[in-house]
Amino acid sequence: MAGTTLLPDLVTQIAIPICAVVGIVFALVQWVLVSKVKLTADKSHSGDGKNGFTEALIEEEDGVSEHSIVQKCAEIQAAISEGATSFLFTEYQYVGVFMVAFAVLIFVFLGSVEGFSTKPQTCTYDVTRMCKPALATAVFSTLAFVLGAITSVVSGFLGMKIATYANARTTLEARKGVGQAFIVAFRSGAVMGFLLAANGLLVLYITINLFKLYYGDDWEGLFEAITGYGLGGSSMALFGRVAGGIYTKAADVGADLVGKVERNIPEDDPRNPAVIADNVGDNVGDIAGMGSDLFGSYAESSCAALVVASISSFGINHEFTAMLYPLLVSSVGILVCLITTLFATDFFEVKTVKEIEPALKKQLIISTVLMTLGIALVSWVGLPSSFTIFNFGTQKDVKSWQLFLCVAVGLWAGLIIGFVTEYYTSNAYSPVQDVADSCRTGAATNVIFGLALGYKSVIIPIFAIAVSIFVSFSFAAMYGIAVAALGMLSTIATGLAIDAYGPISDNAGGIAEMAGMSHKVRERTDALDAAGNTTAAIGKGFAIGSAALVSLALFGAFVSRAGISTVDVLTPKVFIGLIVGAMLPYWFSAMTMKSVGTAALKMVEEVRRQFNTIPGLMEGTTKPDYATCVKISTDASIKEMIPPGCLVMLTPLIVGTFFGVETLSGVLAGSLVSGVQIAISASNTGGAWDNAKKYIEAGASEHARTLGPKGSDAHKAAVIGDTVGDPLKDTSGPSLNILIKLMAVESLVFAPFFATHGGLLFKIF
């Protein structure tokens, strides 16, 4: 029945790691190119181009010497980098303790399934065969969890290092023109994107091969243990996202409210005590948090696909190449993104401000089109012409072209979600311009318009997700949904490059303002930043869309593993789970929003105190105390990340242990359905308010100029909207997609325990 694949197993074994290594090498090449911009003003050689530029190219900075500007940029960059590094180290110490504790928990729970016996057990799906003992699953799941957690932490940390390395270099390049600055910012983003995609793939591939040495032919047990990798990746991402989000927004809200609204000083003014904390926040929240988050999605969608494949004909007949189809898709994705990146940095040059956003949008389109061809190729050589896929107890016949369509539908749904998000959050289109216009009558109307925009922006993405679920499930059951999620994430390297570009440009603008560079430079960095804001919203759209598909695939794997034949909404056990699960995203959002509010309150008080008590601060003759503000953000975010984290991590354990697998399946379905909606609307509302403010500030069109210069009433109303939207778009919204995925993958990892010992309360009563 099942044919062989065109691609021999040996080629697969060589191709996957080679693609990963190519990705890493490409990232390092980009890094070297970025590092050619020097952060030292070497007087002796300044005229002969040894600094990577000739003096003639640089506009005379209003009487400020070249040397002092470069030196200032280097100082500010060092301060930001130091703040970000020390925060991440503090965060990782706490998260490390959690990681060890949770690893012990996984081992104890899964080991106790068969009472820690070392005897082989009958396989879950094929009763005629014997599989490795439950204790082995416990040991290897724990190992995979630790590996996933470490990879996730490293991904986030590397991203932050690259971003803080590139921010001042982008500022310095902006003196030559917007094109050069764009290339530095984009290349640095690419470094992060490729390192993360390649590392995730390589570590997963090596883990599978090492585990195989023990498991041998027991692929069902092998890939069940691999799910720990996804759990590790996402649990670290949750803490990184929440802590980073609270950090960045506490500083941002504090800096904006006192600086812009009360004191009427520009954004990123060096007199503002919270300005360094604000710039550090961009790196720990948007870069380190986003890096871990997308790595988690990637790890989980791979794990979900592998688990289902291991109990389908691929796993039963031990077809290695077909089994690793998800990894082949990711490998081709790295090569496709590599070609796509060259379009932005080498083939076409950005020369004017108007070309920035189209250049970034082209990245998405080019990568999607090329990836469609890539998937077609992989599906042709990497899959048998027909095979069977496990579908809740039966095997479903599937053709290779149907699986190609599943991946492609996910890929294109991602593009649609990206463009819809852009339409609702970019100030080039009417929705954001309407929000900006509503600022005429004050902050209240601005808030009303912004909320309405967010709710409305959910419609098309949900239809896109619904269509991809229907198509992929009809063709290839739960495996289809898992590979659709993988399709959406297959161009992760480009997606992350575009995403990381935003905070890097934002920082570059901040550095230009703090170093006292000319108005022209600041205008250019602002243009880069406005495009970055929109692309960051697109990145969040991708993350949320893929999270919905990933968690559904994990949900399917969980239901199969827990031995539930159908999830019946009409049974009270399931329905109570459903309604409680739908409530969880609200509870979680309440926690994160309140945390930002509490931390921002302290920050506002501290900034006010400094303005009122430090003589000469407003005149710019004395320096503010940046360190205290950095400390407020750090302490608040570390303390406040623990309750939301515990809510997400403990819910599946408590529900599964006391109420059993049916109720837990209800909770997972409920949280998926409500979480996706809140996440999309929160992210888009916040992004729209931010860009409405930028629209008024830039004053690029006749309409924008009527709304006033910076400091007008309409502008102040826009700043308030932006401040309200900050925790929505950078804390609650992006963390929710991790909540959805994390609860699903955790339930899957603990499924053997819940199926055997779960539902204590219903057993007693």
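This is a predicted model: local features need pLDDT of at least 70, side-chain atom pairs count only at pLDDT 80 or more; totals for chains, interfaces and linings use all residues.
Aromatic rings come first. A pair of rings is described by the distance between the centres and the angle between the planes. In this model, 30 aromatic pairs are counted. One of them joins F102 and F750. Their ring centres lie 6.0 Å apart. The planes meet at 90°, and angles over 60 degrees count as edge-to-face, so this pair is edge-to-face. The pair links distant parts of the chain. F102 belongs to helix α2 (residues 66-111), whereas F750 belongs to helix α21 (residues 713-757). The two residues are 648 residues apart. Both F102 and F750 are buried. They also belong to a cluster linked by ring pairs.

K132 lies over the face of Y214, 4.9 Å from the ring centre. R169 places its charged end over the ring of Y165. Here the distance to the ring centre is 3.9 Å.

The nonpolar cores follow. The largest one has 234 residues. Within this core, the residues with the most contacts are F182, Y325, I356, Y479 and F558. Helix α4 (residues 178-215) gives the most to the core, with 22 residues. I356 shows what such contacts look like. Leaving aside residues up to four places away in sequence, I356 touches V178, F182, V350, Y501, A527, L528 and A531. Another core lies apart from the largest one. This other core has 19 residues, among them V435, Y695, A704 and A718.

Methods. Residues are numbered from 1 along each chain as its sequence is written. Side-chain values use heavy atoms; hydrogens and water are left out. Rings of Phe, Tyr and Trp (its six-membered ring) pair if their centres lie within 6.5 Å; planes under 30 degrees apart count as stacked, over 60 as edge-to-face and the rest as tilted. Helices (H or I, at least four residues) and strands (E, at least two) are DSSP runs, numbered from the N terminus. Buried means under 20% relative accessible area, exposed over 50%, partly exposed in between (1.4 Å probe, protein chains only). A charge sits over a ring if NZ of Lys or CZ of Arg is within 6 Å of the ring centre and within 35 degrees of the ring normal. A nonpolar core is a set of buried Ala, Val, Leu, Ile, Met, Phe, Trp, Tyr and Cys residues joined through side-chain atoms within 4.5 Å. Contact means heavy atoms within 4.5 Å.
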